Each structure stands twice: as structure tokens, then as C-alpha cells.
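Me: I'm new to this structure and would like to learn how to read it. Could you take me through a few features?

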Amino acid sequence: MIKVNQLEKYFNKGKNNELHALKGVSVTFEDKGLVCILGESGSGKTTLLNAIGGLDTFQGGSMEIEGITLNKYDPKAVEKIRNDKYGYIFQNYYLLQDYTVAYNVKLALNTFDISEEEKDERVEYVLQKLDIAKYKKKLVSQLSGGQQQRVSIARALVKSPKIILADEPTGNLDEENTLRTMSILRSIAKDCLVILVSHEKRIARFFADRIIEIADGCIVKDYENKNQTAYQRMDDGNIYLQDMECTDVVENDKYEIHVYEEEQTQDKIRLNLAWKNGKLYIQNLENYDVLFEGAEAGCEMIDDTKPDIDMEDVEEFEFSLPRLKDHKKAKLSKKEIWKLALENIRLMGKKQAFIVGILVVAAVMLTITIANFTNGVYYNEREVVSEDSHYVTVGISPQASVDDNEYDKAFKAFCKKNAFTGANSDIYRSNGGALSLQCDSFWQLASSGVVFKKFSYVSLNEVSKKDLIYGRMPQKRNEIVVDRWIFDAFFDKDNSYQAIYRDVKSFLNEHLTSDITGDTFQIVGISDKGEPSIYMDQYTAMGISINGDKIATLEQLQKEYPGQYDNQTLGDHEIMVSKEEMKGYKRRKVNKVTMENGNEYTIVGAFPNTFHVKYILNDKDCQELRNQFILTSKGYNVYTQDTKKTIAALKKAAQEYSDIFTLSAYSPSQKQIAHYQKKQKERASGSRLIMVAAILVSLFIIYFTIKSNVTSRTEELTVYRLIGIAQGSIIKAYLLEMLLITSYTVLPTVLIVSGVIQFFGSIPSLELGLIFPWWTSVALIAALYVLNLLISYIPVKGILAKPPAVLAVKE
Ligand SMILES: Nc1ncnc2c1ncn2[C@@H]1O[C@H](COP(=O)(O)OP(=O)(O)OP(=O)(O)O)[C@@H](O)[C@H]1O
């Protein structure tokens, strides 16, 4: 039972074009019968039906539908009522045109918790009853209007609702189908309430049990339709002579002419009749058309009255399907959501090919653009950096018009305070020299010239056992530790050696020779400090850096020849030379060595020629050498744990000498990075505009494709809404659909394109310098998923937020 109480409905309330469409309508509908709301066009019939049917909002009054009271339009509550209680039949059918008849009908059962078999049985039953079972597998679009309306009736009946709402259901049908549809509705009305909206009096008066006449938003008449009139078919175009007036008869022996007129004609009928060769010729002397009855005129002349259709003639329609149990919510189950999404994808057909194509192209464009972008921002550190990140390089330059002496003095004073005192001011770092691999393990490669150039020398003091991944700490002068970075960088550049040096570990115990001193070092340890560094004794590195002299300390000699030099001492400015050299000095009767720094050292001993060094000095003299070198070269390096702090401290210390020199202090590794980035930026600056444009174009393409896909499916969404599927379920199905489409378009495309980029980027000989970190692809994929879902969500939500009646605007 439905009770409508003082219902008010306005369109465009508060605006200039406000329209008061329902003016305090009160009406009650019993549980059974065919009630026809009759009225002229624009009188408010559909508005009333939509309000009752929960398809549109109302502004005043209340309704009670099967015990549920609605004081205002409540989308959630009406969703459930729509689903449980109502079946709808519309003038425009509102069927999913590209889906089969069975699918459309079954859709109405999706929210009900019954088995698939039961659903199929119910669908089969209604289709049989409505005589359309043979079209079950046909697409709705292939059916005629009458057949489509029967499908829509089947959809309304399949859940056996208590109330059927039918808005001009015969509006688009011919007479034959109008009769059929109305007789079905009439038969159904024996067991349930059918509310029919129509403007055709003859339909209302013939089929309805009760007629509610409405005019200008008010009920003007409400009565039982007891004197159901006979129904005259409108499509019967025959001329029934007995319904017309015989106005004249011209009769004599030869002619008998009867003249019938529906309306009196003022014109005179003037014909010439000529009989010749057994045929009658008629000449029309006036302007009217002369037609001969039969096929040509499309009608016959029948000497009878026009036949009426009586209730007994109306086709009986037997229908009995058990009512379905009310459910808690109009939601679809997870399974149904999946089914809906998959079915939608399957049926997208050509349109889907278009969307897939667009998404793939956009994903390719985006991936390439992002790769290009990351290339400018990110870099392969091993390729760009060749300096230990702990180093700060210090240099000075004189102020204009400063005297050389004053300049030297000031720098000396500065160094005394800041450079000579600390243990971490080194002269070495990298001297541009190279180390060649001896390839002892693989003699075949000995002449292949594997040379390491990009590295820093770092004092052994800065590496400890815990930093080693392979080998041990050096014990002798010529033993060194090499960081794995150097080998990784080597493999990056030319992985053909990977067949021989399979991994970093295979470099252990190999020898490296300095091209400056000829000193040969054995790799006894491999560290993993993430630095391009070779760790060796500080004075050995100093020897390479200063002037190519091989310098050693007494301690190193003692370690090399255990027990042999334990009693040997070295005072300040005392030196040891090799036995070979000693011979020369003795021959020349010289016992002093003048080194390149101008200092003189007294020869106090000799060491075996097998200890391949040139001089042995004590620690203090080694340091003096280092200091002198700092002073002459006007620069040095500091190994520090905090480069920023060190740079700031040095600059502050140099302020005292700002009149004489300016000091520059920088991290060489950071400088290399900055330089690389600047170069990349310069390289990319031209293409940046293109990149931004490509990103924007791709995003626009994606946006419009997805949005137009959704909006082109408004009708489909309207159907879901009209049959009462919950908003949330429709949105979920749409999002799932987009999720799936994205998964087989964007996901593989980005992965493949980034894989291709990675692959070409990893071929050193191509020197593309392409970098595409894996997380960039992951971020891009995630961003595209979010974007696609969001673009789908917003329009769907926008469409579904409207009351169904606003979506289902009558054509
Ligand atoms: N969405 C709308 N916005 C503004 N006015 C509307 C809207 N829908 C209907 N109207 C107006 O409300 C009045 C009642 O319309 P309604 O559709 O209920 O009439 P009807 O009796 O069903 O007419 P018809 O038989 O032509 O469909 C009409 O004047 C119509 O122009």
C-alpha cells in the first residue's frame, strides 16, 4: 500500500524559472489493481510517478510505502525500496542495448541473495511467459520496439515485485504492441499494484481499474473505472461504410453510384466515365485525388461498422512467480561486482581497443618522458664521481698587488695553524696517474691494458677490518685495500671482463702497478665503503703524489726484512738508500742526498735492492716533505667526516688572511656531481618544454579518454540506478573495471618500456647514459593507477549523485 500525503514538488526552486509541479497531492494506492494517472502533457503525471517511485526528490509532504515512511528524499532508503518493492517500465525501455536479453533481465536479480540456477530459472520463466524466450541470447539492440518493451516488462517482473510503475509504456509502440503490453499489465495487476502513467484516455478507460486525473499538479478526479468502454483500434485504416453517411445514390438502368461521406464536401464531384474495349476509364474533372480501394490505397471499403475490442478479446497473461525475500541492502556481492566489471570489459568491443590503444600510447610517452627526466636528475654515481666523498680540497689565490713573500708567509702561517697540525691534511688524493692491472691470475689478459684511472688515494688509517668484505688488512708497504666501487665501475663500463673476473672477489691478490712510480701493489683486501678509493700507506701515496719518488719508512723496512734492521735508527734529516745506489754515492764519495725540495739528508744506511723504493726517511721528515709540498703547491686535501663543517671552519680560519689571499675549499666529489647535473640540465633545457608538453598531452589524453568513456555510458549507469543497484556497488564495479584495464595496459607498457630503456642504458658501448631507477617505474605505475581511478571515479560519482529521474529524462 502506498499513501501519499500533501506531496509538494518544485523544479528550480527559488530561481526565476521556478515551477510548482505537484501542489499538495494526497492519494492512496491499494495493494492491487491497475491505476492509471491520466492527464494532459505537462500536467505532472511523470513527476508524481517519479516521486512515488523514489526516482526524484520532493520538497514537502510525506509518503508511506509498504510501511516505510519517507518525509524527505533519502537516496539510501529509496534505493532499498526501489530494489525490493518496485519494478519499473519506461517509455524508452532503459535496457542495456549492447547486452543480451537474458543479461538485461537477470541484472534485476543481481542484488538478491539467490543461487545462479534460481536466477536463470526465473529469467527463463518470465521470458517464456512474455513469449520472448527465443530472443534470450540476442542483443537488445537487435529487437523491435515491442520486443524491447517486453524485455523491460520481463526485467520488472522477474523479481516479482509488489508494485509496478509504468511511465507511458506504450508511448513508442504500435497498436498491436500497445494492446499486448497493456493486456500483460492488466493481467499482472490482478496480483499486484500497477501504477500507469498515460495521456491516452482510450487506454486508461479501457484497461484501468481506477483513473486518477491530474491537471496542473493537482488531482482533479479520482474514480473507479467501472464502465470500461470498448477499445477501438487506431491502426485500423479501413473504410467502414456503415459508419459513414450515404449522402447520395445515382441510379438508372445502366448506373448505380453510392456516395458515402464522413464529412460533407462542398466540392462538386465531376467525373467523366468512358466505357471502351471492356474497360471503364474515369476522368477527374476536379482537383481532388481519386484512389482505388485495395493495396494501392492501403485500405479496404467494408460494408460494415468498425469492430470494437472487448475485454473478452484481450489476451490473458498468466503469471505466478514467488516473491523474493527483502534484503538488507541494495548492494551487489563481491562476485556480482566482478561479474559486472568483467562483462563491461568484454562488451566494450571496439571502444575498448581504442581506450587500450590510447592508454598504451600515453603510458609509453609518459615512461619515456619520465625516463628522460630522471636521467637529468638521477645519475649513476659510479660514472660521475671519482673522488672520495670525505675529501675537501683547499686552494688559495693571492689578492691583487700582494707581494709574493708576504703571500708565502701568510699561507705558511695559515698552514701552521690549520694544515700541518692535523693528521688529516693530505697532499694526495688523486694525481691523475693510473694503476694497471697485472692480471696475474689470467695471464692471457696481461697485455690487454686494464687500467684504473678514476679513484682517490686514501690513507690506510681511514679503513679498518670491519670495512672489508674480502681479504685482510695490509701488513707490508706494498699491500693495499681497494674499494669494490672501483671494480663495479669497471664492470659498468665494460662487462666483457665479467667472463673472467666473475665478481669483485676475483680481484683479490691481483697486482696493480703505478704508471708514475712503477711501484707494484698487491690487493690484499676489498672494502665496501661505497667510495672510489684505494687505501694505501700514506707516505707511499705521498711518494706517488709528490714527484714520483718511492718513499718508505724505517718501520716498513723492518717489517719487510724481519730481524735484519731492528737496530737501525733514523734521525732527523737522515736517509737510507738502496744498496745499488749506495755504491754510486760511495764511488763519488758523497754521503748526502739532496731531494727535490732542496733539503739535504745524510745517508746513514742502505737497504736491499729487492725493497723497491728509493728513499727511507723517518716519520718527521716524511711529514716535512708533505708540508713543504703543501706550501709550494698552495693547496692540500683534508679527509674529513663532515665536509660542510670542515669547509666552514677553513673559510672562517682564512678570514684572518683575507687581505692577502682568498681561500677556496670544496668537496671534489660534490663538485663532480654538480658539474654533471649542470651539464645534464644544459643538455635537457631544450627538451624540457617538450617533456612538459608530452606529460601534459599524455595526461589530457588519459583524462579525456576515461572521462568520455564514463560519460558515454551515462545510459548504462542510469539503467543500474533505475533498477535499484546501490550507488556504492556501481562505483566499485566501475573502479574495478578501470583497475583491470589499467592492469593490462599501463602496467605492462610501463614495465616493458622501462625494461627496454634499462636494457639499452646498460649497454656501455651505446653510451646512452640512461638511468631509470626501478622505483621510478613503480612510482609511475602507482601514479597512473591513482590517476585512472580518480578520473573514473569523479564523473561516475557525479552522475550517480543525481536522482535517477534526472538521469532518465524522457526523450
Ligand atoms: N527536470 C525538470 N526541470 C524543470 N521542469 C520540469 C522538469 N521535469 C518536468 N518539468 C515540468 O514539470 C511539469 C510536469 O512535468 P511532467 O513531466 O510531470 O508532466 P507529464 O504530465 O508527465 O507530461 P508528459 O505527458 O508530457 O510527460 C511540466 O511543466 C514540465 O515542463
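Me: What order do the strands have in the open sheet of 6 strands?

Reply: To read a sheet, follow its strands from one side to the other. This is a predicted model, and here the order is S6-S7-S8-S3-S9-S10, with mixed pairing. Each edge strand pairs on one side only: these are S6 (86–90) and S10 (218–224). Going from one strand to the next, the twist averages 15°.

Me: How many bridges join S9 to S10?

Reply: For a pair of strands, check the bridges and the direction. S9 (residues 210–215) and S10 run antiparallel, with 6 bridges joining them. You can look for alanine 215, which stands opposite cysteine 218 in S10.

Me: Which strands does helix H6 touch?

Reply: Next comes packing on the sheet. H6, residues 175–188, packs on it and touches S3 (33–38), S7 (163–167) and S8 (193–198). The direction of H6 makes about 145° with that of S8.

Me: Now a single residue. Is aspartate 503 buried or exposed?

Reply: Aspartate 503 has 11, so it is exposed. As for where to find it, aspartate 503 lies in the loop between helix H12 (484–493) and strand S24 (511–514). Aspartate 503 and phenylalanine 487 are 16 residues apart in sequence, and their C-alpha atoms are 8.5 Å apart in space.

Me: Which residues does the "transmembrane region" annotation cover?

Reply: With an annotation, take the spans from the record and then look at them in the model. The unreviewed UniProt entry gives residues 353–373, 689–706, 718–735, 742–760 and 772–794. Take two of these spans. Residues 689–706 are 100% helix and 0% strand, with end C-alpha atoms 26 Å apart. Over residues 718–735 the chain is 78% helix and 0% strand, and the end C-alpha atoms lie 17 Å apart.

Terms used
Residues numbered from 1 in each chain as written. Predicted model: local features only at pLDDT ≥ 70, side-chain atom pairs only at ≥ 80, totals over all residues. UniProt positions renumbered as here; feature names shortened; annotations may be inferred. Helix = DSSP H or I, 4+ residues; strand = E, 2+ residues; numbered from the N terminus. Buried ≥ 20, exposed ≤ 12 C-beta atoms within 10 Å, placed from the backbone. Pairing = 2+ DSSP bridges. Axes fitted to C-alpha atoms, helices over the stretch in contact; angles between N-to-C directions. Contact = placed C-beta atoms within 7 Å.
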